[in-house]
Amino acid sequence: MNDIISSRQFARDDLERIFEVATGMEPISRGEEESQLLRNKYLATLFFEASTRTRFSFEIAMLRLGGQVINTTNVAFSSITKGESVHDTVKVVGNFVDIIAIRHPQVGSALIASKATNKPVINAGDGHGEHPTQALLDLFTILKEKNGINGLKIALVGDLRFGRTIHSLAQLLTHYDVEIFFVSPEILRAPESLLAYLKEKGVSYHETEDLEEVIGQIDVLYDTRIQEERFADPKEYEKVKNCYTIDKEMVGKGKEDISIMHPLPRLEEICEEVDELPNAAYFRQSFYGVPIRMALLAILLGKA
Ligand code: NCD
(Lines give C-alpha, C1' and ligand atoms only; values in the text may rest on other atoms or scores of the structure.)
Protein backbone atom coordinates (compact mmCIF):
# COMPACT_ATOMS: atom_id res chain seq x y z
CA MET A 1 0.00 0.00 0.00
CA ASN A 2 1.56 3.28 -1.07
CA ASP A 3 -1.25 5.84 -0.81
CA ILE A 4 -4.81 5.89 0.51
CA ILE A 5 -6.99 7.63 -2.04
CA SER A 6 -10.24 5.67 -2.38
CA SER A 7 -11.91 2.96 -0.34
CA ARG A 8 -12.22 1.02 -3.61
CA GLN A 9 -8.51 0.27 -3.44
CA PHE A 10 -8.78 -2.13 -0.48
CA ALA A 11 -9.04 -5.89 -0.75
CA ARG A 12 -10.71 -7.80 2.07
CA ASP A 13 -7.23 -8.92 3.27
CA ASP A 14 -6.11 -5.28 3.54
CA LEU A 15 -9.07 -4.51 5.78
CA GLU A 16 -8.31 -7.41 8.06
CA ARG A 17 -4.67 -6.41 8.32
CA ILE A 18 -5.53 -2.77 9.09
CA PHE A 19 -7.99 -3.85 11.81
CA GLU A 20 -5.45 -6.22 13.32
CA VAL A 21 -2.76 -3.53 13.46
CA ALA A 22 -5.31 -1.00 14.81
CA THR A 23 -6.32 -3.40 17.57
CA GLY A 24 -2.66 -3.68 18.59
CA MET A 25 -2.47 0.13 18.65
CA GLU A 26 -5.38 0.56 21.06
CA PRO A 27 -3.36 0.68 24.31
CA ILE A 28 -1.02 3.27 22.73
CA SER A 29 -3.98 5.29 21.45
CA ARG A 30 -5.36 5.37 25.00
CA GLY A 31 -2.02 6.49 26.41
CA GLU A 32 -1.60 3.27 28.40
CA GLU A 33 1.58 2.30 26.54
CA GLU A 34 4.35 4.39 25.01
CA SER A 35 5.74 3.93 21.54
CA GLN A 36 8.59 5.28 19.44
CA LEU A 37 7.60 3.30 16.34
CA LEU A 38 7.55 6.37 14.09
CA ARG A 39 10.46 8.23 15.68
CA ASN A 40 12.15 10.54 13.18
CA LYS A 41 9.15 10.38 10.86
CA TYR A 42 7.33 13.57 9.91
CA LEU A 43 3.67 13.93 8.93
CA ALA A 44 2.28 17.03 7.16
CA THR A 45 -1.45 17.58 7.54
CA LEU A 46 -2.45 19.83 4.64
CA PHE A 47 -6.02 20.80 5.43
CA PHE A 48 -7.72 23.25 3.09
CA GLU A 49 -11.19 22.61 4.52
CA ALA A 50 -12.57 22.68 8.06
CA SER A 51 -11.77 19.77 10.35
CA THR A 52 -11.48 18.93 14.02
CA ARG A 53 -11.58 15.15 14.47
CA THR A 54 -9.83 14.07 11.33
CA ARG A 55 -6.86 16.38 11.63
CA PHE A 56 -6.47 15.97 15.40
CA SER A 57 -6.72 12.21 15.21
CA PHE A 58 -4.06 12.05 12.49
CA GLU A 59 -1.82 14.32 14.51
CA ILE A 60 -2.28 12.60 17.86
CA ALA A 61 -1.82 9.22 16.14
CA MET A 62 1.53 10.38 14.77
CA LEU A 63 2.62 11.99 18.06
CA ARG A 64 1.68 8.99 20.20
CA LEU A 65 3.80 6.82 17.91
CA GLY A 66 6.79 9.07 18.56
CA GLY A 67 6.56 10.91 15.20
CA GLN A 68 6.35 14.63 14.48
CA VAL A 69 3.74 16.79 12.76
CA ILE A 70 3.67 20.00 10.72
CA ASN A 71 0.44 21.45 9.40
CA THR A 72 -1.52 24.02 7.46
CA THR A 73 -4.67 24.70 9.36
CA ASN A 74 -5.66 28.03 7.96
CA VAL A 75 -5.88 28.20 4.20
CA ALA A 76 -5.51 31.96 4.43
CA PHE A 77 -1.89 31.46 5.47
CA SER A 78 -1.07 28.96 2.77
CA SER A 79 0.29 29.63 -0.72
CA ILE A 80 -2.87 28.06 -2.12
CA THR A 81 -4.35 31.55 -1.62
CA LYS A 82 -1.61 32.93 -3.89
CA GLY A 83 -2.88 30.57 -6.55
CA GLU A 84 -0.43 27.72 -6.04
CA SER A 85 -1.72 24.38 -7.31
CA VAL A 86 -2.26 21.32 -5.12
CA HIS A 87 0.33 19.59 -7.28
CA ASP A 88 3.07 22.14 -6.57
CA THR A 89 2.24 22.47 -2.87
CA VAL A 90 2.43 18.72 -2.39
CA LYS A 91 5.56 18.36 -4.49
CA VAL A 92 7.36 20.81 -2.22
CA VAL A 93 5.95 19.52 1.09
CA GLY A 94 6.71 15.95 -0.03
CA ASN A 95 10.38 16.90 -0.10
CA PHE A 96 10.18 18.03 3.52
CA VAL A 97 8.24 15.22 5.20
CA ASP A 98 7.75 11.45 5.11
CA ILE A 99 3.97 11.28 4.73
CA ILE A 100 1.11 13.67 3.89
CA ALA A 101 -2.59 13.72 4.84
CA ILE A 102 -4.57 16.12 2.66
CA ARG A 103 -8.11 17.53 2.82
CA HIS A 104 -9.22 19.75 -0.02
CA PRO A 105 -12.61 20.86 -1.43
CA GLN A 106 -11.91 19.56 -4.94
CA VAL A 107 -12.93 16.01 -5.86
CA GLY A 108 -9.84 14.18 -7.11
CA SER A 109 -7.39 16.45 -5.27
CA ALA A 110 -5.89 13.59 -3.25
CA LEU A 111 -5.18 11.65 -6.43
CA ILE A 112 -3.47 14.70 -7.93
CA ALA A 113 -1.46 15.04 -4.71
CA SER A 114 -0.37 11.40 -4.81
CA LYS A 115 1.02 11.90 -8.30
CA ALA A 116 3.01 14.94 -7.24
CA THR A 117 5.22 13.13 -4.73
CA ASN A 118 6.62 9.68 -4.09
CA LYS A 119 5.86 10.02 -0.37
CA PRO A 120 2.65 8.33 0.83
CA VAL A 121 -0.44 10.54 0.50
CA ILE A 122 -3.63 9.95 2.49
CA ASN A 123 -6.97 11.35 1.36
CA ALA A 124 -8.54 12.99 4.41
CA GLY A 125 -11.55 14.13 2.36
CA ASP A 126 -11.68 15.40 -1.24
CA GLY A 127 -14.77 17.58 -1.56
CA HIS A 128 -17.88 15.47 -1.96
CA GLY A 129 -15.76 12.60 -3.26
CA GLU A 130 -14.36 10.25 -0.65
CA HIS A 131 -13.11 9.97 2.91
CA PRO A 132 -11.55 6.50 3.04
CA THR A 133 -9.92 6.69 6.48
CA GLN A 134 -13.27 7.66 8.00
CA ALA A 135 -14.82 4.62 6.32
CA LEU A 136 -12.15 2.39 7.86
CA LEU A 137 -12.86 3.71 11.34
CA ASP A 138 -16.60 3.41 10.68
CA LEU A 139 -16.21 -0.24 9.74
CA PHE A 140 -13.92 -0.83 12.73
CA THR A 141 -16.65 0.69 14.92
CA ILE A 142 -19.32 -1.60 13.47
CA LEU A 143 -17.03 -4.55 14.15
CA LYS A 144 -16.55 -3.46 17.76
CA GLU A 145 -20.20 -2.62 18.40
CA LYS A 146 -21.68 -5.65 16.66
CA ASN A 147 -18.92 -8.26 16.98
CA GLY A 148 -18.97 -8.82 13.23
CA ILE A 149 -20.27 -7.35 10.00
CA ASN A 150 -21.76 -10.20 7.98
CA GLY A 151 -25.53 -10.48 8.16
CA LEU A 152 -26.10 -6.90 9.30
CA LYS A 153 -28.75 -4.55 7.96
CA ILE A 154 -27.28 -1.07 7.75
CA ALA A 155 -29.10 2.18 6.99
CA LEU A 156 -27.12 5.10 5.58
CA VAL A 157 -29.18 8.19 6.29
CA GLY A 158 -29.15 11.87 5.35
CA ASP A 159 -27.01 13.48 2.67
CA LEU A 160 -26.03 10.56 0.49
CA ARG A 161 -25.24 12.80 -2.45
CA PHE A 162 -22.58 15.06 -0.96
CA GLY A 163 -21.68 12.98 2.11
CA ARG A 164 -18.25 11.62 1.24
CA THR A 165 -18.15 9.34 4.29
CA ILE A 166 -21.19 7.52 2.90
CA HIS A 167 -19.52 7.01 -0.46
CA SER A 168 -16.40 5.50 1.06
CA LEU A 169 -18.26 3.39 3.62
CA ALA A 170 -20.75 1.89 1.16
CA GLN A 171 -17.83 0.82 -1.03
CA LEU A 172 -16.10 -0.92 1.88
CA LEU A 173 -19.30 -2.73 2.80
CA THR A 174 -19.16 -4.55 -0.55
CA HIS A 175 -16.62 -6.89 1.07
CA TYR A 176 -19.27 -8.19 3.46
CA ASP A 177 -22.61 -9.89 3.28
CA VAL A 178 -24.78 -6.97 4.34
CA GLU A 179 -28.03 -5.35 3.28
CA ILE A 180 -27.88 -1.58 2.81
CA PHE A 181 -30.80 0.84 3.13
CA PHE A 182 -30.18 4.26 1.63
CA VAL A 183 -32.47 6.78 3.30
CA SER A 184 -32.51 10.33 1.92
CA PRO A 185 -34.65 13.02 0.34
CA GLU A 186 -34.93 12.62 -3.43
CA ILE A 187 -32.45 15.43 -4.18
CA LEU A 188 -29.82 13.89 -1.90
CA ARG A 189 -29.89 10.34 -3.26
CA ALA A 190 -26.65 8.39 -3.49
CA PRO A 191 -24.77 9.00 -6.76
CA GLU A 192 -25.58 6.67 -9.66
CA SER A 193 -21.91 5.72 -9.95
CA LEU A 194 -21.96 4.44 -6.36
CA LEU A 195 -25.15 2.45 -6.89
CA ALA A 196 -23.70 0.97 -10.09
CA TYR A 197 -20.60 -0.09 -8.15
CA LEU A 198 -22.72 -1.83 -5.50
CA LYS A 199 -24.71 -3.60 -8.21
CA GLU A 200 -21.54 -4.77 -9.88
CA LYS A 201 -20.35 -6.17 -6.53
CA GLY A 202 -23.68 -7.91 -5.94
CA VAL A 203 -24.62 -5.96 -2.81
CA SER A 204 -28.30 -5.91 -1.97
CA TYR A 205 -29.57 -2.39 -1.34
CA HIS A 206 -32.81 -0.44 -1.17
CA GLU A 207 -33.57 3.28 -1.46
CA THR A 208 -36.28 5.12 0.43
CA GLU A 209 -37.14 8.59 1.69
CA ASP A 210 -38.89 7.23 4.75
CA LEU A 211 -36.79 6.38 7.80
CA GLU A 212 -39.79 4.99 9.67
CA GLU A 213 -40.15 2.35 6.97
CA VAL A 214 -36.79 0.79 7.82
CA ILE A 215 -36.05 1.74 11.44
CA GLY A 216 -37.55 -1.47 12.84
CA GLN A 217 -35.40 -3.85 10.82
CA ILE A 218 -31.90 -2.35 10.88
CA ASP A 219 -28.93 -3.14 13.12
CA VAL A 220 -26.98 0.04 12.41
CA LEU A 221 -28.26 3.52 11.64
CA TYR A 222 -25.44 5.61 10.17
CA ASP A 223 -26.65 9.18 10.13
CA THR A 224 -25.00 12.13 8.38
CA ARG A 225 -25.09 15.92 8.34
CA ILE A 226 -26.71 17.65 5.38
CA GLN A 227 -23.60 19.15 3.75
CA GLU A 228 -24.68 22.79 3.55
CA GLU A 229 -21.34 23.95 2.11
CA ARG A 230 -21.79 21.78 -0.99
CA PHE A 231 -25.17 23.23 -2.06
CA ALA A 232 -25.05 25.64 -5.00
CA ASP A 233 -28.45 27.05 -3.98
CA PRO A 234 -29.05 27.87 -0.28
CA LYS A 235 -32.81 27.53 -0.85
CA GLU A 236 -32.36 23.88 -1.72
CA TYR A 237 -30.48 23.39 1.55
CA GLU A 238 -33.27 25.06 3.53
CA LYS A 239 -35.77 22.58 2.08
CA VAL A 240 -33.92 19.50 3.33
CA LYS A 241 -31.86 20.69 6.29
CA ASN A 242 -33.94 19.05 8.99
CA CYS A 243 -35.35 16.18 6.98
CA TYR A 244 -34.67 13.51 9.62
CA THR A 245 -34.42 13.89 13.36
CA ILE A 246 -33.17 11.07 15.51
CA ASP A 247 -34.58 11.50 19.00
CA LYS A 248 -35.22 8.98 21.77
CA GLU A 249 -38.64 8.24 20.36
CA MET A 250 -37.18 7.33 16.97
CA VAL A 251 -34.48 5.14 18.57
CA GLY A 252 -37.28 3.46 20.54
CA LYS A 253 -38.86 2.33 17.27
CA GLY A 254 -35.70 0.43 16.41
CA LYS A 255 -34.28 -2.87 17.63
CA GLU A 256 -33.24 -2.76 21.26
CA ASP A 257 -29.55 -2.99 20.34
CA ILE A 258 -29.61 -0.71 17.28
CA SER A 259 -26.33 1.19 16.99
CA ILE A 260 -26.56 4.86 16.10
CA MET A 261 -23.46 6.10 14.30
CA HIS A 262 -22.49 9.48 12.84
CA PRO A 263 -19.13 10.71 11.50
CA LEU A 264 -19.73 14.04 13.33
CA PRO A 265 -20.08 16.99 13.45
CA ARG A 266 -23.81 16.66 14.07
CA LEU A 267 -26.16 19.57 13.85
CA GLU A 268 -29.79 18.93 14.67
CA GLU A 269 -30.11 15.52 13.05
CA ILE A 270 -29.39 13.69 16.32
CA CYS A 271 -30.92 15.19 19.49
CA GLU A 272 -28.61 15.46 22.48
CA GLU A 273 -31.03 13.35 24.53
CA VAL A 274 -29.86 10.34 22.46
CA ASP A 275 -26.28 10.69 23.73
CA GLU A 276 -27.05 8.97 27.03
CA LEU A 277 -28.48 5.84 25.40
CA PRO A 278 -26.16 2.82 25.11
CA ASN A 279 -27.14 2.78 21.42
CA ALA A 280 -25.33 6.07 20.80
CA ALA A 281 -22.04 4.87 19.31
CA TYR A 282 -20.87 8.12 17.69
CA PHE A 283 -18.45 9.28 20.36
CA ARG A 284 -16.89 5.81 20.63
CA GLN A 285 -16.73 5.86 16.83
CA SER A 286 -14.82 9.15 16.73
CA PHE A 287 -12.23 7.75 19.16
CA TYR A 288 -11.51 4.78 16.89
CA GLY A 289 -10.09 7.30 14.41
CA VAL A 290 -6.94 7.29 16.51
CA PRO A 291 -5.96 3.57 16.45
CA ILE A 292 -7.07 3.29 12.82
CA ARG A 293 -4.93 6.24 11.75
CA MET A 294 -2.01 4.92 13.81
CA ALA A 295 -2.30 1.65 11.91
CA LEU A 296 -2.43 3.44 8.56
CA LEU A 297 0.58 5.64 9.33
CA ALA A 298 2.59 2.63 10.50
CA ILE A 299 1.65 0.51 7.49
CA LEU A 300 2.32 3.26 4.93
CA LEU A 301 5.66 4.04 6.55
CA GLY A 302 6.67 0.37 6.44
CA LYS A 303 6.70 -0.04 10.21
CA ALA A 304 3.88 -2.54 10.71
C1 NCD B 1 -17.11 14.34 7.93
C2 NCD B 1 -16.40 14.95 6.75
O3 NCD B 1 -15.55 15.83 6.89
O4 NCD B 1 -16.69 14.48 5.65
N5 NCD B 1 -16.49 14.64 9.14
C6 NCD B 1 -15.44 13.89 9.56
O7 NCD B 1 -14.40 13.82 8.92
N8 NCD B 1 -15.60 13.18 10.68
C9 NCD B 1 -18.56 14.55 7.94
C10 NCD B 1 -19.12 15.93 7.82
O11 NCD B 1 -18.41 16.93 7.69
O12 NCD B 1 -20.35 16.03 7.86
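Asn40 sits in the loop that links helix H1 (12–29) to strand E1 (42–47). Helices (H or I, at least four residues) and strands (E, at least two) are DSSP runs, numbered from the N terminus. Phi of Asn40 is near 70 degrees, a positive value in a residue other than glycine.

The model is predicted: local features need pLDDT of at least 70, side-chain atom pairs count only at pLDDT 80 or more, and totals for chains, interfaces and linings use all residues. Residues are numbered from 1 along each chain as its sequence is written, and side-chain values use heavy atoms, with hydrogens and water left out.

The ligand is surrounded by Arg53, Thr54, Arg103, His131, Gln134, Arg164, Thr165, Arg225, Gln227, Pro263, Leu264 and Pro265. Each has a heavy atom within 4 Å of the ligand. Three of the shell residues are nonpolar, five polar and four charged. Helix H2 (53–64) and helix H6 (164–173) each supply at least two shell residues. Domain 1 (7–130 + 289–300) and domain 2 (132–286) each contribute at least three. These bounds come from an automatic or database domain assignment.

Polar contacts are pairs of N or O atoms within 3.5 Å. A polar side-chain atom of Gln134 lies 3.2 Å from a ligand nitrogen atom. The protein covers 94% of the 320 Å² of accessible area that the ligand has on its own. Areas follow the Shrake-Rupley method with a 1.4 Å probe.

The peptide bond from Leu264 to Pro265 is cis, with omega near 5 degrees. Pro265 belongs to the loop between strand E9 (259–261) and helix H11 (282–287).

Key. A polar contact is a pair of N or O atoms within 3.5 Å; within protein, one must be able to donate a hydrogen and the other to accept it, and residues adjacent in sequence count only if both atoms are side-chain atoms. Ala, Val, Leu, Ile, Met, Phe, Trp, Tyr, Cys and Pro count as nonpolar, Asp, Glu, Lys and Arg as charged, and the others, Gly among them, as polar.
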